[in-house]
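Welcome! Open your viewer, keep the selection tool at hand, and follow along one stop at a time.

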Amino acid sequence: MHEMSLMESVIEIVCETARRNGVTRVKSVRLEVGVLSHVDPEALLFCYEAVRRGTIADGAALEINHVEGEGWCVDCCKTVKLEERFGGCPECGRHRVQMTAGDELKIRDMEVV
Ligand SMILES: [Zn+2]
């Protein structure tokens, strides 16, 4: 499962960061997930709960912030809203839009005890 390896690396980074800062327990983790990233939030949560077990992030809540899709339209020369990965520009209708946001999955921050 795609989500499983994503969550494994998230937990790895969280635990590594916590250890480096002398933290013994992580209270919550906040993720930024782009709406165009094609990850299933429910699957993410399921995998998260599975991989955090036995780590210092065990019991830490997971918060998911959704990031809207955005792209740069070459024809309009501006940033436009992107509804789908290879979607067209909502203003000129052409398909020369380069995705600039909405594809990410990253850790925004974490709360520690
Ligand atoms: Zn355009």
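A residue is called buried here when its relative accessible area is under 20%, and exposed when that value is over 50%. Keep in mind as you look around that this is a predicted model.

**Stop 1: the zinc ion**

Start by selecting the zinc ion. Which residues coordinate the zinc ion? You will find the SG atoms of Cys73, Cys76, Cys89 and Cys92, at 2.2 to 2.4 Å. The angles among these four donor atoms run from 103 to 112 degrees, and the site is tetrahedral. For reference, the ideal angle for four tetrahedral donors is 109.5 degrees. Along the sequence, the donor residues follow the spacing C-x2-C-x12-C-x2-C.

Now highlight Cys73 and Cys89, a pair that links distant parts of the chain, 16 residues apart. Cys73 sits in strand β3 (residues 70–73), while Cys89 lies in the loop between β4 (78–81) and β5 (97–101). Is Cys89 buried or exposed? Its relative accessibility is 4%, so Cys89 counts as buried. Cys73 is buried too, because its relative accessible area is 0%.

**Stop 2: helix α2**

Next, select residues 41–52 to show helix α2. This helix has twelve residues and spans 16 Å from its first C-alpha to its last, close to the 16 Å expected at 1.5 Å a residue. Colour Ala43, Leu44, Cys47, Tyr48, Val51 and Arg52, which are the buried residues of α2. Turn the view to look down the axis of α2: these buried residues fall within an arc of 150 degrees, so they line one face of the helix. On the other side of α2, pick out Glu42 and Phe46, which are exposed.

Before leaving, visit both ends. At the start of α2, zoom in on Asp40, where a side-chain oxygen comes to within 3.1 Å of the backbone nitrogen of Glu42. Just after the helix, click on Gly54, which adopts a positive phi of about 80 degrees.

**Stop 3: Glu32**

Finally, select Glu32 in strand β1. With a relative accessibility of 18%, Glu32 counts as buried.

Notes:
Residues are numbered from 1 along each chain as its sequence is written. This is a predicted model: local features need pLDDT of at least 70, side-chain atom pairs count only at pLDDT 80 or more; totals for chains, interfaces and linings use all residues. Side-chain values use heavy atoms; hydrogens and water are left out. Helices (H or I, at least four residues) and strands (E, at least two) are DSSP runs, numbered from the N terminus. The expected span of a helix is 1.5 Å times one less than its number of residues. Buried means under 20% relative accessible area, exposed over 50%, partly exposed in between (1.4 Å probe, protein chains only). The arc is that of the directions from the helix axis to the C-beta atoms. A polar contact is a pair of N or O atoms within 3.5 Å; within protein, one must be able to donate a hydrogen and the other to accept it, and residues adjacent in sequence count only if both atoms are side-chain atoms. Donors are N, O and S atoms within 2.8 Å of the metal (3.2 Å for Na, K and Ca); water is not among the atoms, so sites may look incomplete. Four donors count as tetrahedral if all angles lie between 85 and 135 degrees; four count as square planar and six as octahedral if opposite donors are over 155 degrees apart and all others between 65 and 115; anything else is irregular.
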